[in-house]
Amino acid sequence: MKKLLLIFLIILKPNFSFSEIVPCNEPKCDKKFDLTLTRFIEAEEKSDKPIIVWLSGGTGQFFSTDPLSEVEGKYDIVVMYNPYNISSGSQRRSDGYAPAAYKPDQADRIKSIIKFYSDKYKKPIWLGGQSFGAARTMAYLAASSNNSKLISGIILTGTAVGSVKNNTLKVPLKKIKDLNLPIGIFHHIKDVCDNSHHKTAQKLQNKLKEINLGITAFILIESGNLSKDSKCGTGKNHMFEDSRKELADAIIKFIEKNI
């Protein structure tokens, strides 16, 4: 495992970023995967702005900031390579649930990364994710009421936490306690896949507003000339491929307003 991580370190080291191996040392971390490889992408200018810890969608097994490519350089961003496939088991379901996102290990693995970078840089942390990365963010909040106290805000994009066809919202909302954070939920109006429909994302916003003492905003992105998504999971609007500038502007505006 360690040798494999060192190989990744050599490959993933552009001059504007660097890699860090973070120990997963929280109580519920899976001991088979005691390390997590992360990538720290530095902002172009030094500042006291928050660090964004970003959870990718799909398998969670790639170092991607998508769809935040236009946010890179404005904030420090941390991405991680998850040691197991987050999408495993979701393909056989019709309710939009990603079982691996809610493994006890996942929340503690994310917590280890948050604490590592918070301690190292002494800066506030905003947590967020794309698609199943949004589900992982919700799992982090639900795992412990103390988890929300380690972060300063949440950003969700292309949220995939249910099925609009089956009217399901697969988030353990009853387990989320003492929530008082700015939460921004960003979605494209043409993302109409059953498992990542903008209506489900807005439904999540309405439910979170009932339990969150902080602002819970739903921001609908409408720019771009692409047709409505026809393929789930890899839809171009789901990934904001023709609207990343508007998305970045909206996210930056939300963060700046709430720090």
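1. Let's start with a loop residue. This is a predicted model, and in it Asn167 comes out as exposed, with a relative accessible area of 56%. Asn167 belongs to the loop between strand S7 (162-163) and strand S8 (168-169). Its phi is positive, near 55 degrees, and Asn167 is not a glycine.

2. Lys122 comes after helix H2, in the loop between H2 and S5. With a relative accessible area of 66%, Lys122 counts as exposed.

3. Pro67 sits in the loop between S3 and S4.

4. Now for H2 itself. Does its length agree or disagree with what its residue count predicts? At 1.5 Å a residue, the 18 residues of H2 should span 26 Å, and the end C-alpha atoms are 27 Å apart, so the two agree. The buried residues of H2 include Asp105, Asp108, Arg109, Lys111, Ile113, Ile114 and Tyr117. What covers the buried residues of this helix includes strand S1 (17-23), S2, strand S3 (51-55), S4, strand S5 (125-130) and helix H3 (132-143).

5. Arg109 deserves a click. This arginine is in helix H2 and is buried, with a relative accessible area of 0%. Which side chain does Arg109 join through a polar contact of 2.7 Å? The partner is Thr36, a residue of strand S2. Thr36 counts as buried too, at 2% relative accessibility.

6. Leaving out residues up to four places away in sequence, Arg109 touches Cys24, Cys29, Asp30, Phe33, Leu35, Thr36, Met80, Asn82 and Pro83. Counted that way, the contacts of Thr36 include Glu20, Ile21, Val22, Cys24, Met80, Tyr81 and Ile113. Cys24 and Met80 turn up in both sets.

7. On to the aromatics. A search of the whole structure finds ten aromatic pairs. In one of them, Phe40 and Tyr117 have ring centres 5.7 Å apart and planes at 10 degrees; stacked pairs need planes under 30 degrees apart, so this pair is stacked. The pair ties together distant parts of the chain, with Phe40 in strand S2 (residues 35-41) and Tyr117 in helix H2 (residues 104-121), 77 residues apart. Both residues, Phe40 and Tyr117, are buried.

8. Tyr117 has another ring partner. Phe116 and Tyr117 form an edge-to-face pair, 5.0 Å centre to centre with 80 degrees between the planes. How exposed is Phe116? Phe116 is partly exposed, at a relative accessible area of 24%, whereas Tyr117 is buried at 0%. Ring pairs link Phe18, Phe40, Phe116, Tyr117 and Tyr121 into a cluster.

9. Two lysines also go with rings. The charged end of Lys103 sits over the ring of Tyr84, 4.3 Å from the ring centre. The charged end of Lys170 sits over the ring of Tyr97, at 5.6 Å from the centre.

10. Leaving out residues up to four places away in sequence, Asp95 touches Gly162, Ser163, Thr168 and Lys170. Asp95 lies in the loop between strand S4 (77-81) and H2, and is buried, with a relative accessible area of 14%. Its side chain reaches the backbone nitrogen of Tyr97 at 3.1 Å. Asp95 and Glu26 are 69 residues apart in sequence and 30 Å apart in space, C-alpha to C-alpha.

11. Leaving out residues up to four places away in sequence, Ile151 touches Ile114, Ile125, Leu127, Tyr140, Leu141 and Leu181.

Methods: Residues are numbered from 1 along each chain as its sequence is written. This is a predicted model: local features need pLDDT of at least 70, side-chain atom pairs count only at pLDDT 80 or more; totals for chains, interfaces and linings use all residues. Side-chain values use heavy atoms; hydrogens and water are left out. Rings of Phe, Tyr and Trp (its six-membered ring) pair if their centres lie within 6.5 Å; planes under 30 degrees apart count as stacked, over 60 as edge-to-face and the rest as tilted. Helices (H or I, at least four residues) and strands (E, at least two) are DSSP runs, numbered from the N terminus. Buried means under 20% relative accessible area, exposed over 50%, partly exposed in between (1.4 Å probe, protein chains only). A charge sits over a ring if NZ of Lys or CZ of Arg is within 6 Å of the ring centre and within 35 degrees of the ring normal. Contact means heavy atoms within 4.5 Å. A polar contact is a pair of N or O atoms within 3.5 Å; within protein, one must be able to donate a hydrogen and the other to accept it, and residues adjacent in sequence count only if both atoms are side-chain atoms. The expected span of a helix is 1.5 Å times one less than its number of residues.
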